[in-house]
Amino acid sequence: MQLKFRREMIVFGLVGTVGFLVDTGVLYLIKGELGLYWARVFSFFCAATATWWLNRQITFRHRESGMSMTQEYVRYFGLMLGGGVVNYLVYAIAIALIPATIYSPMISIAMGSVAGMVINYLSARYIVFRKKLR
């Protein structure tokens, strides 16, 4: 049981890394148009969508939500907003405090991502993908 939990945490972290890359990539693509704060809202949406799909296919493939894909996505995204709020607050504080360089948005995203990851994992595992497949 403990090994399965650790495996899920590791895979969840790897999926989170992909989410971080999506988040960072989208942010850097649109920050000139929307600014660092509004671009992060959109980049978070893209990253949460990517991680939902990957977690559904890989991390929690032996679990199910018992919902339609649309319902599952809406619930997942809604719960990820809890971790996302923590993530965004840490990001915004870091943007305000870290001296502006080309890397400061990426560092700020990383700090926010780590802060929200535990909340997001627990929400995904115990609320969205809570039923084990038989």
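How many aromatic pairs does a search of the whole structure find? Ten. Bear in mind that this is a predicted model.

Take one of those pairs. Phe45 and Phe77 sit edge-to-face, with 5.5 Å centre to centre and 70° between the planes. Phe45 belongs to helix H1, residues 2–59, and Phe77 belongs to helix H2, so this pair ties together parts that are 32 residues apart in sequence.

Are these two rings buried or exposed? Start with Phe45: its relative accessibility is 39%, so it counts as partly exposed. Phe77 has a relative accessible area of 17%, and that makes it buried.

Next pair: Phe60 and Phe129. The ring centres are 5.1 Å apart and the planes meet at 15°, so this pair is stacked. The pair links distant parts of the chain, 69 residues apart. Phe60 is in the loop between H1 and strand E1, residues 63–64. Phe129 is in the loop between helix H3, residues 104–128, and strand E2, residues 131–132.

Phe60 has 0% relative accessibility, so it counts as buried. Phe129 is buried too, at 1% relative accessible area.

Which residues form one aromatic cluster with Phe60 and Phe129? Phe12, Tyr76 and Tyr121.

Asn87 lies in helix H2, which covers residues 69–97. Its relative accessibility is 7%, under the 20% cut-off, so Asn87 counts as buried. What does Asn87 touch, leaving out residues up to four places away in sequence? Arg40, Ile109, Gly112 and Ser113.

Step back to the fold. The protein has three helices and two strands. Along the sequence, the pattern reads α-β-α-α-β. Look at contacts between residues at least 6 apart in sequence: 76% of them join residues at least 24 apart.

Overall dimensions. The C-alpha atoms fill a box of roughly 50 × 30 × 20 Å along the principal axes. A compact globule of 134 residues would have a radius of gyration near 14 Å; this protein has 15 Å, which agrees.

Surface next. Of the 134 residues, 38% count as buried. The protein exposes about 7,700 Å², and carbon and sulfur atoms supply 72% of that.

Last, charges. There are 14 positive and 5 negative charges, and their mean positions are 11 Å apart.

That's my tour. Over to you.

Terms used. Residues numbered from 1 in each chain as written. Predicted model: local features only at pLDDT ≥ 70, side-chain atom pairs only at ≥ 80, totals over all residues. Heavy atoms only, no water. Helix = DSSP H or I, 4+ residues; strand = E, 2+ residues; numbered from the N terminus. Rg over C-alpha atoms; globule rule 2.2 N^0.38 Å. Buried < 20%, exposed > 50% of the residue type's maximum accessible area, 1.4 Å probe, protein only. Contact = heavy atoms within 4.5 Å. Areas by Shrake-Rupley, 256 points an atom, 1.4 Å probe, with all protein chains shown as cover. Lys, Arg positive; Asp, Glu negative; His and termini not counted. Charge placed at Lys NZ, Arg CZ, Asp CG, Glu CD. Phe/Tyr/Trp six-rings, centres within 6.5 Å; stacked < 30°, edge-to-face > 60°.
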